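These are my notebook entries on one structure, written down in the order in which I looked things up.

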Amino acid sequence: MSKTTASGRNRPFSFLSLRVIAVVALALAACSRPAPLTQADPFRVEFALDTICVVFLYDQANDEVYDAIFARIHEIERRMSAYLPDSDISRINAAAGIAPVRVYEDVFDVIERAVHFAEISGGAFDPAIGPLVSLWAIMADDPRVPSPEEIAAVLPLVNWRDIELDRQQRAVFLRRPGMALNLGAIAKGYAADEAMAIVREARLERALVDLGGDVMTFGVKLDRTPWRIGIQNPLGERGDFIGVLSGWDMAVLTSGVNERFFERDGVRYHHLFSPFDGHPARTGLLSVTIISGSATDGDALSTAVFVLGYERGRALIESIEGAGAIFVFEDRSVRVTGGVDFVLVDPEFRLAAD
Ligand code: ADP
Ligand code: MG
């Protein structure tokens, strides 16, 4: 397995996904396993998209399908990573203020979708977040708290309205020099959707994809019971669940303070930035999990809702057909939107009414 992101090698231990291992265990326990029909393993694990990616094909395991899925995931990373110098995103960023850049169709589609979520979230989700991510160096060895002047200097560069999309030419132009796209809050979801598209094309009956804790399920398990997905305790170790979400075909995407962070002088700085003030967003939330039919949309929405905060975030989710959410707050209360089948199991947390 090759590590294909620049940031992966710098990652402190806390970023290694014990949660993934726990999800593996939960998924295996949840699915009765008859003898495999093929020689392939019931799941395959690879490092990609800066995280541990696990694909479960269970009894339908098939090396060709695994190969196709991981080839596609790696391809998405090569095209969409802001940390690989040859990716379309890096080429767009290098040409900011200079010239439009022609990109792969999937890259164009994801940027267009990202701009849509920027619009409907009032800019809380902003794919032009790149300069802030670089300034805080949250992905690097040496993250730091920037000065107010530094933040004030980059804030005008974080503005999705300055992303010009030309569908005819399939070209993307960032109007101001110094602007930079970062699809870190949507590309993983897109990869999960693409993985499932391959599963469906192969006419498999069931699969589960876990990209660093962002999970998508498809089809019916052998034992015909609903899928059960553990929801991470944002205050606990990886794999420490506060409760279990049950459902059928669903994409389950989480944004939380525990994903990536550093501490300075007793303050924890996480990686979900407010494009409005240039700081890690503080809205009283520890994590937001979005449940929806599309992992691409759920990924963007989990970040958007985290930054918007509970009231506005909940209103946004309730305006979207088929979407639900689990909100975990700093005071350890948990709120769930209607139609989400979530059972809280951790007594340190409590379910609260709307
Ligand atoms: P994870 O990558 O841990 O699953 P997210 O999906 O929420 O979490 O994506 C967080 C990443 O998105 C950050 O590391 C950063 O690259 C980028 N990001 C941070 N804040 C925003 C924002 N307000 N809008 C869009 N992208 C953001
Ligand atoms: Mg996201």
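Is arginine 170 buried, partly exposed or exposed? I found that arginine 170 counts as partly exposed, at 24% relative accessibility, where buried means under 20% relative accessible area, exposed means over 50% and partly exposed lies in between, with a 1.4 Å probe and protein chains only.

Before going on, I noted that this is a predicted model, in which local features need pLDDT of at least 70 and side-chain atom pairs count only at pLDDT 80 or more, while totals for chains, interfaces and linings use all residues. I also noted that residues are numbered from 1 along each chain as its sequence is written, that chains are lettered from A and ligands numbered from 1 in the order in which they are written, and that side-chain values use heavy atoms, with hydrogens and water left out.

Entry on the whole chain. I read that the protein chain has nine helices and 17 strands, these being DSSP runs numbered from the N terminus (helices are H or I with at least four residues, strands are E with at least two). Of its 354 residues, 59% count as buried.

Entry on two arginines in loops. I placed arginine 170 in the loop between strand S4 (163-166) and strand S5 (171-174), and I saw that arginine 170 has a positive phi of about 55° although it is not a glycine. Arginine 203 also has a positive phi, of about 60°, and is not a glycine either; it lies in the loop between H7 and strand S6 (206-211) and counts as exposed, at 74% relative accessibility.

Entry on H7 and H8. Helix H7 (residues 187-201) and helix H8 (residues 295-308) pack with their axes 7 Å apart and at an angle of about 160°, the axes being lines fitted to C-alpha atoms, for helices over the stretch in contact, and the angles running from 0 to 180 degrees between N-to-C directions. H7 and H8 are therefore roughly antiparallel to each other, since angles under 35 degrees count as roughly parallel, over 145 as roughly antiparallel, 65 to 115 as roughly perpendicular and the rest as oblique. I listed the residues in contact (heavy atoms within 4.5 Å): H7 gives Ala187, Lys188, Gly189, Tyr190, Ala192 and Asp193, and H8 gives Ala295, Thr296 and Asp299.

Entry on the magnesium ion. Which protein atoms are the donors of the magnesium ion (ligand 2)? I found Asp299 (O), Asp299 (OD) and Thr303 (OG1), lying 2.2 to 2.5 Å from the ion; donors are N, O and S atoms within 2.8 Å of the metal (3.2 Å for Na, K and Ca), and water is not among the atoms, so sites may look incomplete. Because aspartate 299 and threonine 303 are four residues apart in helix H8, about one helical turn separates them. Aspartate 299 is buried, with a relative accessible area of 5%, and threonine 303 counts as buried at 12% relative accessibility.

Entry on isoleucine 89. Isoleucine 89 lies in helix H3 (residues 88-94) and counts as buried, at 0% relative accessibility. Leaving aside neighbours within four places in sequence, I found isoleucine 89 in contact with residues including Arg79, Met80, Val107 and Leu181. From isoleucine 89 to asparagine 182 there are 93 residues in sequence, yet the C-alpha to C-alpha distance is 7.5 Å.
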